[in-house]
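This report looks at charged side-chain pairs. Please have the sequence and the model at hand.

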Amino acid sequence: MYLIQVSLLLAVLSLPQGLEKKYRAKRCEKWTEKFELCLAIGYQPRHYKACREDVVMEELERKKSCRRMEIRIKKKCNFTCTPLVGAPQEISVEAKEAVRAAEVAVAELRDRAVQHNTLDKGSTFIRGRIVKAVKQVVSGEKLVITMKLGVTDNFECKMLARERIVSSSDCSDEDNIGTYQITIVYAPWRDPEFEFGEFVDIDGPGMKETYWEQTSEEIP
């Protein structure tokens with residue numbers, strides 16, 4: 001193990017200056033991602049106290065690993081810590097996390113409707129555009145997605161659907177589309193990764209009572 005570490009060190013030192021900087025930056029980026037995951041699951045850092053949360057990590061082995069990562073970053077990287085828990089912030093409706101949350105939420109809506117036999121056999125969910133996306137960093141990412149949704153029995157829409165979900169760009173059944181708000185928390189270290197919260201009918205046909213409410217567990 002020692003010989004491998006020495007070999008890697010010699011390899012880095014022999015790199016041209018520009019490549020060496022790029023290598024160190026890439027390494028710090030990787031370490032930072034791991035350290036931020038540690039913070040998200042409750043690690044209490046010694047040197048970055050602004051990042052401390054109320055949730056405290058209990059698992060000893062993971063705590064040791066996070067401690068080693070903190071020491072590496074402090075010695076070799078330019079890491080600035082900001083508090084994990086912050087005020088909700090509006091993000092772009094095209095942001096990767098917003099799009100992913102919307103897709104997962106619509107799939108959950110379909111699954112609940114199918115499970116409780118409330119979606120007619122000839123009907124399909126219409127996934128429309130995201131109107132607004134709000135993100136808050138808690139123990140994970142809490143996203144509140146406001147988007148267009150609908151249900152249609154149009155045969156052409158059904159033929160274009162995948163697993164009973166069709167995009168509004170392929171199905172223009174506007175009479176059956178409304179606006180809805182869904183709360184979802186993404187925490188990749190949990191199983192399942194997504195926790196679903198409140199579903200709000202803003203306007204249009206009511207979906208909450210018909211398709212969502214049977215198994216909803218609201219997130220405060």
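Is R110 buried or exposed? R110 is buried, because its relative accessible area is 13% and the cut-off for burial is under 20%. The model is a predicted one.

R110 has a charged partner. Its side chain meets that of E163 in a salt bridge, with 3.6 Å from N to O. E163 counts as exposed, because its relative accessibility is 66% and the exposed class starts over 50%.

Helix 4 also holds a local pair. E108 and R112 form a salt bridge, with their closest N and O atoms 2.8 Å apart. Both E108 and R112 are buried. Why are E108 and R112 separated by about one helical turn? They sit 4 residues apart in helix 4 (residues 96-115), so about one turn lies between them.

A further pair is E141 with K135, whose side chains meet in a salt bridge at 3.5 Å, N to O.

How many salt bridges does the structure hold? The count is 7. Among them are these pairs:

| E108 | R112 | 2.8 Å |

In general, side chains of opposite charge can pair when their charged atoms come close.

How values were computed:
Residues numbered from 1 in each chain as written. Predicted model: local features only at pLDDT ≥ 70, side-chain atom pairs only at ≥ 80, totals over all residues. Heavy atoms only, no water. Salt bridge = Lys/Arg side-chain N within 4 Å of Asp/Glu carboxyl O. Helix = DSSP H or I, 4+ residues; strand = E, 2+ residues; numbered from the N terminus. Buried < 20%, exposed > 50% of the residue type's maximum accessible area, 1.4 Å probe, protein only.
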